[in-house]
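Hello,

Here is the structure I promised to pass on to you. Have a look at it first, and then read my notes below.

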Amino acid sequence: MASSLVAHAGLVLLFSVASARHQCAESPLQGKYCPTTCGVADYMHRYTSNAHDSLDYLQKELDSIHNLTEGAQERVIYMKDSIQTVQKNTQPDVYFQKSSNMLDDVIRFERTIIEQEKQIFMHKHFDAVAANERRMADLKTLSIELQNTCSEPCKDSVVIQPTTGTDCQDVANKGATVSGIYYIKPAQATQQFPVYCEIDNFRRGFTVIQRRRDGSVDFHKDWIQYKEGFGYLSPDDSTEFWLGNEKIHLLSVGSSIPMVLRIELVDWEGNKRYADYAMFRVAPESDMYRLTYGYYFGGDAGDAFNGFDFGDDPSDKFFTSHNGMQFSTFDKDNDKYDGNCALQDGSGWWMNRCHAAHLNGKYYQGGRYTEKDTGEFGYDNGIIWVTWHNRWYSLKETTMKIIPVTRIVAGGGQEADISTGDLQCNLFF
Ligand SMILES: [Ca+2]
């Protein structure tokens with residue numbers, strides 16, 4: 001540092017000498033701010049004396065710092081020597097030695113433990129390898145058994161009918177004459193799916209969307225299950241199911257021809273009734289599979305979808321109607337009630353506050369039930385159609401099925417048979 005400052009001072013001196021020998025004139029082009037060598041020399045000359053004073057001061061400061069540094073170095077050397085002397089002269093402390101020994105013991109034990117852990121790990125590892133090998137052998141055996149089984153001819157007894165269409169009426173129109181399981185693909189569906197088609201003697205093809213018959217399937221399901229469908233399809237119509245809200249939606253909007261929902265009911269005495277609803281539609285999931293229909297199209301079971309005056313409150317009928325209601329499940333409450341109808345009644349349904357018709361209700365053997373039978377909530381939760389049997393009577397069998405309105409005779413036609421004459425044959429085209 002000091003030497004560079006001295007060199008710099010020398011350079012300043014050189015400039016000052018140069019300035020003494022040259023008379024500098026201002027450039028007419030650059031004026032008094034000309035950055036010529038002469039101008040710089042004049043500047044340096046003007047401030048040389050001050051610079052010299054500053055340099056002298058700095059030099060003194062540097063000398064002082066240098067002296068201090070030397071002193072510090074000497075002190076460091078002295079301290080190192082002192083430490084070595086102290087170390088040489090210090091006798092080992094007894095307790096320190098003991099601690100040291102203990103520390104050595106700890107380290108030794110630690111090494112032993114690590115070694116033992118390694119051995120344990122190796123044992124376990126070998127056991128795991130042996131177990132895996134056994135499992136692999138078992139899997140190979142199973143795989144061979146499966147291969148043998150799969151190479152045998154298929155013994156599945158469920159018959160899927162070969163005809164396909166947009167719905168069961170389309171299937172019937174294409175010549176299908178027997179009821180059973182068919183693959184269909186409604187206009188807006190992305191893929192085909194199986195349904196039970198009920199095809200009668202008039203070549204009417206009903207697509208069945210719900211079936212209750214013996215209580216073998218629990219209808220207490222959540223939103224996703226009602227959306228996707230649950231239960232079992234069978235070629236002989238012997239099982240219970242909910243086809244699924246998404247498929248029901250697709251079926252209800254798939255055709256330009258309005259659909260009719262036919263509801264068929266059987267009580268525990270073997271009596272049968274039905275109800276038809278024209279222009280049946282189920283909205284998409286974005287509208288919570290809302291139920292709408294145009295009007296009660298006929299039947300002998302009564303119009304329970306229109307609500308019922310139970311006599312509890314003047315608003316009973318209004319708050320138990322179903323047209324325009326969104327679908328609710330216990331985990332998705334879209335009803336018109338402060339509480340949760342689907343949770344209380346253990347089903348998925350187009351709940352209002354709450355219902356006059358309730359075909360996905362709890363299955364009660366024998367039909368008649370009371371508040372005490374309902375469990376936690378005490379509300380009527382059976383399979384109900386109140387315009388036929390009261391709410392404490394749970395029906396034995398139900399069917400919900402849809403068909404294009406053009407295939408239904410106005411005012412009924414459930415008992416119609418092809419053998420009854422040409423008139424009816426002409427009505428079904
Ligand atoms: Ca609610």
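**Disulfides, and what else turned up**

If the bonded cysteines of the protein are numbered in sequence order, they pair as 1-2, 3-4. Before going further, please keep in mind that this is a predicted model, in which local features need pLDDT of at least 70 and side-chain atom pairs count only at pLDDT 80 or more, while totals for chains, interfaces and linings use all residues. Residues are numbered from 1 along each chain as its sequence is written, and side-chain values use heavy atoms, with hydrogens and water left out.

A disulfide is a covalent bond between the sulfur atoms of two cysteines. The rule used here asks for a pair of cysteine sulfur atoms within 2.5 Å, and by this rule there are two disulfides.

One of them links Cys 168 and Cys 197, with an S to S distance of 1.9 Å. The torsion about this S-S bond is about -80°, so the disulfide is left-handed. Where do its two ends sit? Cys 168 is in helix α4 (residues 168–173) and Cys 197 is in strand β3 (residues 193–199), so the pair ties together parts that are 29 residues apart in sequence. Helices (H or I, at least four residues) and strands (E, at least two) are DSSP runs, numbered from the N terminus. Both Cys 168 and Cys 197 are buried; buried means under 20% relative accessible area, exposed means over 50%, and partly exposed lies in between (1.4 Å probe, protein chains only).

The other disulfide joins Cys 341 to Cys 354, S to S 2.0 Å. This link is left-handed too, with -85° about the S-S bond. Cys 341 belongs to helix α8 and Cys 354 to the loop between α8 and β12 (357–358), so the pair ties together parts that are 13 residues apart in sequence. Cys 341 and Cys 354 are both buried. Look also at the peptide bond between Arg 353 and Cys 354, which is cis, with omega about 10°.

Asp 333 is partly exposed, at a relative accessible area of 36%, whereas Asp 335 is buried, at 11%.

**A pocket and a cavity**

The second largest pocket holds about 330 Å³ of space. It has 16 lining residues, and those closest to its centre are Asp 316, Thr 320, Arg 353, Cys 354 and Arg 391. Helices α7 (316–319) and α8 (341–345) are the elements that give two or more residues to this lining. By class, the lining has five nonpolar, four polar and seven charged residues. Here Ala, Val, Leu, Ile, Met, Phe, Trp, Tyr, Cys and Pro count as nonpolar, Asp, Glu, Lys and Arg as charged, and the others, Gly among them, as polar.

How many cavities of 30 Å³ or more does the structure hold? There is one. The largest cavity contains about 40 Å³ of space, and its lining is made up of Thr 166, Asp 167, Pro 186, Ala 187, Leu 251, Gly 254 and Ser 255.

For both terms, the search runs on a 1 Å grid over the protein atoms alone: a cavity is a set of points where a 1.4 Å probe fits but cannot get out, and a pocket is an open set with protein on both sides within 12 Å along at least five of seven lines; lining residues have an atom within 4 Å of a point. Grid points are joined across faces, edges and corners, and a volume is the space filled by probe spheres set on the points.

**Two backbone angles to look up**

Asp 237, a residue other than glycine, has a positive phi near 55°. Asp 237 is in the loop between β5 (230–231) and β6 (241–242) and is buried, with a relative accessible area of 17%. Met 288 also has a positive phi near 55°. Met 288 lies in the loop between β9 (281–282) and β10 (291–292), and at 21% relative accessibility Met 288 counts as partly exposed.

Happy exploring!
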